[in-house]
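Let's take a walk through a protein model together, strand by strand. Keep the picture open while you read.

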Amino acid sequence: PPLDAGKYGVIVDAIFGFSFKGEPREPFKSILEQLQRTPIPVACVDIPSGWDVERGDVSGTGLKPAMLVSLTVPKLGSRGFRGPHYVGGRFVAPAFAARHGLRLPAYTGADQCVKLS
């Protein structure tokens, strides 16, 4: 059934993880198509469903979210995202970040999220 915009203020997309490869199959394909048509804002977790984690929305059919919340670090594929972008999760040890060349944002106080754009 169609989503009732009067009942929901935001939809959270966490359908696929960053390791997802290939084209979405049913029933997820139909769900993503419905999410693309909804007037309800979509907030995506880590990488929008339908996007390649390294190359972004290469098919042009991925979700176009109103907001993106990357976990730990922004994924390469999120470079093409234009909109509010947050990073959540300040649990990466400084030694690990240095060893892997991660440039992590500065968190304030006990904050668990930082707005990038």
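Which residue in E4 stands opposite valine 69? That would be tyrosine 86. Before going further, a word on what you're looking at: this is a predicted model, where local features need pLDDT of at least 70, side-chain atom pairs count only at pLDDT 80 or more, and totals for chains, interfaces and linings use all residues. Residues are numbered from 1 along each chain as its sequence is written, and side-chain values use heavy atoms, with hydrogens and water left out.

Now for the sheet. Strands and helices here are DSSP runs, numbered from the N terminus (strands are E, at least two residues; helices are H or I, at least four). Two strands count as a pair if DSSP finds at least two bridges between them. On that basis, 5 strands form an open sheet in the order E1-E2-E3-E4-E5, with mixed pairing. E1 and E5 stand at the edges with a single partner strand each, so one side of each has no neighbour in the sheet. From one strand to the next, the twist averages 20 degrees; the angles behind this run from 0 to 180 degrees between N-to-C directions, using axes fitted to C-alpha atoms.

Let's go pair by pair. E1 and E2 run parallel and are joined by 3 bridges, and isoleucine 11 has valine 42 in E2 as its bridge partner. Strand E3 (residues 67–71) also runs parallel to strand E4 (residues 85–88), with 4 bridges between them. Then comes an antiparallel pair: 3 bridges join E4 to strand E5 (residues 113–115). There you can find glycine 88 opposite cysteine 113 in E5.

Next, look at the loop between strand E2 (42–45) and E3, where aspartate 46 is found. Its phi is near 75 degrees, a positive value in a residue other than glycine. Is aspartate 46 buried or exposed? It is buried, with a relative accessible area of 8%; buried means under 20%, exposed over 50%, and partly exposed in between, using a 1.4 Å probe and protein chains only. The aspartate 46 side chain also makes a polar contact with the side chain of lysine 75, at 2.7 Å. (A polar contact is a pair of N or O atoms within 3.5 Å; within protein, one must be able to donate a hydrogen and the other to accept it, and residues adjacent in sequence count only if both atoms are side-chain atoms.)

Threonine 72, in the loop between E3 and E4, has a positive phi of about 70 degrees although it is not a glycine. At 18% relative accessibility, threonine 72 counts as buried.

Proline 94 is exposed, because its relative accessible area is 69%. Proline 94 and glycine 62 are 32 residues apart in sequence and 34 Å apart in space, C-alpha to C-alpha.
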